[in-house]
Amino acid sequence: MPPRLPVRTLTSSLSRAARFASSSSSSSSSSASPAPKSSPGPSTSSSLFSPSTKSKADPSSYSSTVSTSTIPKKASTKSAGPPVTPPLPRPLGIPVPPTSDPKTWSQRKQELLDENRHKAKRKALVKEATQGYFHDYNRAKGAGGGKLWIAPNVLIREDKALFFPDISGRSLLGTNVHSTDLLPGKTSLVSLISTRISEEHVQSFIQPVLEDVEGHPGFSFVQINHQTNQLKSLLLSFLVSSLKRTIPHNRWGTYLISGGEWSEFDVNQPLGLDNKLLGYVFLVDENLKVRWAGCGPATDDEAQSLRRATAVLLGRMKGTATNDTYSGVE
């Protein structure tokens with residue numbers, strides 16, 4: 001039978017073994033994981049953070065990430081040139097010969113029931129409602145003076161040309177005049193003006209022509225001053241004496257002052273009057289057909305083409321023109 005050890009000896013040995021085990025485990029754990037306070041700076045590995053956490057800790061990395069991933073790159077815009085003005089797209093005018101006779105009741109009734117006329121009115125109202133007050137003015141300030149089209153360098157063929165509509169007004173002689181009574185039997189240059197800018201536009205077209213053919217018995221120059229505003233029209237009627245001082249006496253009978261809105265179906269749309277601030281010039285033959293048209297400030301080519309076209313029509317009236325170079329279709 002083995003000798004029996006005292007209880008005190010066993011208790012002391014077990015306590016020493018427990019203290020040794022606890023000290024060894026604490027030393028091993030301290031050597032395996034360093035204290036977090038030993039690295040105060042951002043020296044930790046980046047793989048330990050998500051992109052969002054890293055972006056908060058490092059502002060520079062956040063800004064670079066946003067600039068490359070969330071902000072869209074600006075499209076490289078090249079400086080485009082001025083808009084190209086298209087050529088005259090169609091013959092201008094109305095399809096039926098005009099008349100200065102007062103409309104009968106049956107004609108007025110037919111106009112009231114005309115669906116195309118109502119569509120033109122609705123289109124004009126929608127256009128006026130959707131455009132700003134300075135729409136025409138902003139277009140006139142644009143490139144090329146707001147030209148709507150480039151005038152043709154040839155005459156519009158007679159079988160394709162349309163008629164100039166009837167426009168009434170009061171001449172500087174104080175009489176009511178219709179354009180239909182002034183144009184037949186002559187080669188007529190008709191200008192439409194409403195502002196000072198439009199007068200400059202028209203002058204750039206007509207000045208070379210007047211120097212060539214003014215005084216010709218078969219030539220007529222008709223000026224129509226149109227004021228849509230009733231107040232401006234009234235003021236203009238008070239300034240007739242001033243106009244007489246600037247207009248030669250031989251043109252008083254062909255200078256018309258017209259007030260009020262023109263019909264969109266009968267005048268504005270057929271003549272292409274899309275901007276009220278521009279000046280318009282029409283070359284009308286002896287049969288009241290529009291054979292040439294220009295608008296806005298004239299270019300050198302347009303001024304020369306108008307001179308040639310006027311000379312051709314005057315020559316044909318005398319039966320001396322044999323060259324058909326300028327009788328093509330637009």
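## Second largest pocket

The second largest pocket holds about 290 Å³ of space. A pocket is an open set of points on a 1 Å grid over the protein atoms alone, where a 1.4 Å probe fits, with protein on both sides within 12 Å along at least five of seven lines. Its lining, residues with an atom within 4 Å of a point, has 14 members, and the closest to the centre are Arg90, Lys123, Gln269, Gly272 and Asp274. Two or more lining residues come from each of α5 (115-130) and α11 (264-271); α5 gives the most, four.

This is a predicted model, in which local features need pLDDT of at least 70 and side-chain atom pairs pLDDT 80 or more, while totals for chains, interfaces and linings use all residues. Residues are numbered from 1 along each chain as its sequence is written, and side-chain values use heavy atoms, without hydrogens and water.

## Strand β3

Strand β3 (residues 187-193) is largely enclosed by the rest of the structure, because seven of its seven residues are buried (under 20% relative accessible area, 1.4 Å probe, protein chains only). In a regular strand, side chains alternate between the two faces of the sheet. Thr187, Leu189, Ser191 and Ile193 lie on one side of β3, and Ser188, Val190 and Leu192 on the other.

## Partners of β3

β3 pairs with strand β4 (residues 219-227) in the parallel sense over seven bridges; pairing requires at least two DSSP bridges. Serine 188 stands opposite serine 220 of β4. With strand β6 (residues 280-284), β3 runs antiparallel, joined by five bridges. There, leucine 192 has tyrosine 280 of β6 as its bridge partner.

Technical notes:
Points joined across faces, edges and corners; volume = space filled by probe spheres on them. Buried < 20%, exposed > 50% of the residue type's maximum accessible area, 1.4 Å probe, protein only.
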